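Dear colleague,

The structure we spoke about is placed below. My notes on it follow.

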Amino acid sequence: MSESVKRSGVQGKLRSFVQSFGLPRLIIAGFLLLLFIAAPMVGSDLGVQLTNTINRFSWNAILVLAMVPMVHSGCGLNFGLPLGIISGLLGATLSMEFGFSGPMSFVMAIVISTPFAILLGGGYGWLLNRIKGGEMMIATYVGFSSVSFMCMMWLLLPYHSPNMVWGLAGKGLRTTISVEGYYDKVLSSFLQIQIGTLVIPTGALLFFALLAFAMWAFLLTKTGTAMTAVGSNPTFARAAGIDIDRIRMLSVVMSTWLAAVGILVYEQGFGFVQLYMAPFNMALPAVSAILIGGATVNKATIMNVIIGTFLFQGIVTMTPTVMNNMIHMDMSEVIRIIVSNGMILYALTRKSEASR
Amino acid sequence: MDDRKAPLLEMKNIRKDFFGNQVLEDINFTLGEGKVLGLVGENGAGKSTLMKILFGMDVIRETGGYSGDILLSGEKVSFQTPFEALAAGIGMVHQEFSLIPGFTATENILLNREPKKHSVLSDVFGDRLDTLNRDAMKKKAGDAIEKMGVMIDGSMVISDMPVGHKQFTEIARELSKDQLKLLILDEPTAVLTEHEAGALLDSIRSMAERGISVIFITHRLQEILNVCDQVVVMRDGRVVQDVAARDTNVQEITHWMVGRDVQLSARTFRELPSQETVMSIERLWVDMPGETVRDVTLDVKKGEILGIGGLAGQGKLGIPNGIMGLYEAGGRVTFEGKEIPLNQPRRCLDASLAFVSEDRRGVGLLLDESLEWNVAFPAMQIQNKFLKKYLGGLIKWRDEKAIEEVTKKYIDELQIRCTSSRQKARELSGGNQQKICLAKTFAMEPRFLFVSEPTRGIDVGAKALVLDALKRFNRESGVTIVMISSELEELRQICDRIAIVSGGSIAGILPASASSEQLGELMVSQVK
């Protein structure tokens, strides 16, 4: 009898663990683990695969982190991420245009993108304050329209740097611009650790850790506390004398700035600045990652960001390569699209469950 | 009365409790055919619960049903759903309108019960393709309207109608049901002008003459006397009086409604602690839906507990909500000699005013956060309490330890039942949530406190504790308290003076020692 009691205790513990961690996340984590085990068996190098996963984690984590402030202030998930990304792209291209190079160009890109992020984020925040309750829908369209608008601007703005403009016309930015000679791998190569085929981009991970720590610290402050309260119950916050609109605005600006920095970190790892329609495809993976990480529409922690990004990027990188090696056919792009969109779709179905 | 025939409706020993909280006890009354019964009582006396039982509303079954018997024409009935009640000939008109604004009166009256015409199409595809028989509809609706004895235009669209006509349309809808034997009207005159109310009363009489029995719930006591055959007064879930309307008067009914076996021992009358005015309110108006304040002028003395009472919807709740900036307001409010700007919550809070809202879950609490957050949050935001400084004040973090300490202190002091100070506010019971709301304001150490409906929806034990806590807070810290409550008795228990709000302005201020008849009379004096 005592044994059965003991077992029910263990079962209970297991159940509460599953409940707190979430069954879907356990399944995804289990699947990822399976892929890591399967990888050497089907003949792909585990070290290389791990490196890929960690690399992609380091590129994307800050974009996912950008979701946190707006979730806390009750503005929902930032589907308007492209707006921040555009600020980052403006910073990147202007920094190159002004002739900065090496690590300095990265610093200057952040510095230049900051006023853009504040300005665009401010306008975006003003708009979101006007349509309380429908934030996520409007945010999606803000993202869409800003991308389309910038498609025109990238052609029209008077850029001259030969590294960036179309070769024949001498004006208008190219769709893809290499950051070689500017800030290629500027973070990733910092304190890089190599063990066999496994390469760890320490600098990029540290940079993310720094921003994540800053975010965590901010949420502990008086203003950060107010932000969480505004998201949790705006009427309560207002009755406690908090200017809700100001706090929401602040959260949107923070999110936009983090997106700007995030895209710069992405570029330094990826090696290219992608203009025109590229920002379009950045919002959904970030949204999905934080949802898979266990965040809800009005609750998100730094841990959600880390777990979510790792799981999402892990699946998206590992599945195609393992599948390819298994069936010996180059299907990687097809599989990548199926898997990443499948993950997004899955994550968005979790969203309704998490709403208030 | 004819003894051989059973009365239309008989209620026998009806009892009902909500999770151990007894709301109805031994309700007995009978209602004859073609009679009008006036049902009166204070808010929370159990009138609406009783009607819900009669009408078979889901909420009754979900909370464990009731005990006792309801006999309809001598037969025992127990309705599981409102549909069964409708089928048995009971109609109910609720306080809120349930009409389709874009449809005409006729269409609304006969919605989903329209007379229909067959056609070839409906023969082939079934009766869902029947067409409406407009002529028959017009006639049927016209009959129902005529039964009321009021003229309303059946072809008029609801959204164009004055509010009184909408009310009549609702009643006509019930009357158009052929099987209707008993009509329940829940405060039908609350939204009507005097003239319209008069017409409604006439129509109630003419319905009764046609043999339909009516249960009429209202706060306007004169109406009861004018139209009813029988008056049933409820108080605290019991029927305290059941008399013929012609044998009584407004004064007597008021006394039955509010006066109870008062335990004078629980109350201590004292002289006002000070004659100094701490807050003066001049010509305040507040645009709070359902609780409009029209013109309130009021002086609050330093250190007193001032009660504000009145019937629901007369504007008593609007006063604190307006002053604290939660609803649009105008007028002049001075506190300690300084004018407080309205519509700016922050300025009130900075002036050391605090407010415990009647809307606990909506305004009072962060339901998804811990008790610690709930208790400490306003004090942290407004007075920079519970913050720890780092780097010479550059960074201020929450002082989790101080927050935990203060929360635990109030958990002990107010006997809040919870598993830990980190439990989510949502998981607490109503009474304990209310105590958290109090703790939150106590933590701000205000000099002036508005408390709105502090005991609404909480059990008797918690009620006493909450009232005691407020009284102690007033006596020990010298805080001036303005308490708004629908329950006169609780106002009389802890207040020094009681102001009664009626029709959006102050009808009068009496010492708490005033008799409940005096207070009750003020309550209904200016009901509009």
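Chain A has an average pLDDT of 85, and 95% of its residues score at least 70; pLDDT is the predictor's confidence in each residue, from 0 to 100. This is a predicted model, so local features need pLDDT of at least 70 and side-chain atom pairs count only at pLDDT 80 or more, while totals for chains, interfaces and linings use all residues. Residues are numbered from 1 along each chain as its sequence is written, and chains are lettered from A and ligands numbered from 1 in the order in which they are written.

Confidence first. Helices (H or I, at least four residues) and strands (E, at least two) are DSSP runs, numbered from the N terminus. Residues 1-6 of chain A have pLDDT below 50, and this stretch has zero contacts in the model beyond near neighbours in sequence. A contact here is a pair of residues whose C-beta atoms, placed from the backbone, lie within 7 Å. Residues 352-356 of chain A also stay under 50, with four contacts beyond four places in sequence.

For chain B the average pLDDT is 83, with 93% of the residues at 70 or above. Residues 261-265 of chain B are under 50 and have zero contacts beyond four places in sequence. The model scores are ipTM 0.77 and pTM 0.72.

Next, the interface. On it, 24 residues of chain B contact 15 residues of chain A. At least two residues each on the chain B side come from helix 12 (345-350), helix 13 (360-364), helix 14 (371-383) and strand 20 (395-398) of chain B. Helix 14 of chain B gives the most, five residues. By type, the chain B side has 15 nonpolar, four polar and five charged residues. Ala, Val, Leu, Ile, Met, Phe, Trp, Tyr, Cys and Pro count as nonpolar, Asp, Glu, Lys and Arg as charged, and the others, Gly among them, as polar.

Within chain A, helix 6 (residues 102-130) and helix 7 (residues 135-156) pack at about 145°, with axes 10 Å apart. Axes are lines fitted to C-alpha atoms, for helices over the stretch in contact, and angles run from 0 to 180 degrees between N-to-C directions. Tyr124(A), Leu127(A) and Leu128(A) of helix 6 meet Glu135(A), Ile138(A) and Val142(A) of helix 7. Five residues of this contact are nonpolar, none is polar and one is charged.

Two single residues remain. Ile307(A) is in helix 13 (residues 302-327) of chain A and counts as buried because it has 22 C-beta neighbours inside 10 Å. A residue is buried if 20 or more other C-beta atoms lie within 10 Å of its own, exposed if 12 or fewer, and partly exposed in between, with C-beta atoms placed from the backbone. Leaving aside neighbours within four places in sequence, Ile307(A) contacts Gly293(A) and Gly294(A).

Glu339(B), in strand 17 (residues 338-339) of chain B, counts as exposed because it has 12 such neighbours inside 10 Å. Outside four places in sequence, Glu339(B) contacts Arg332(B), Val333(B) and Thr334(B).

Regards

How values were computed
Contact = placed C-beta atoms within 7 Å.
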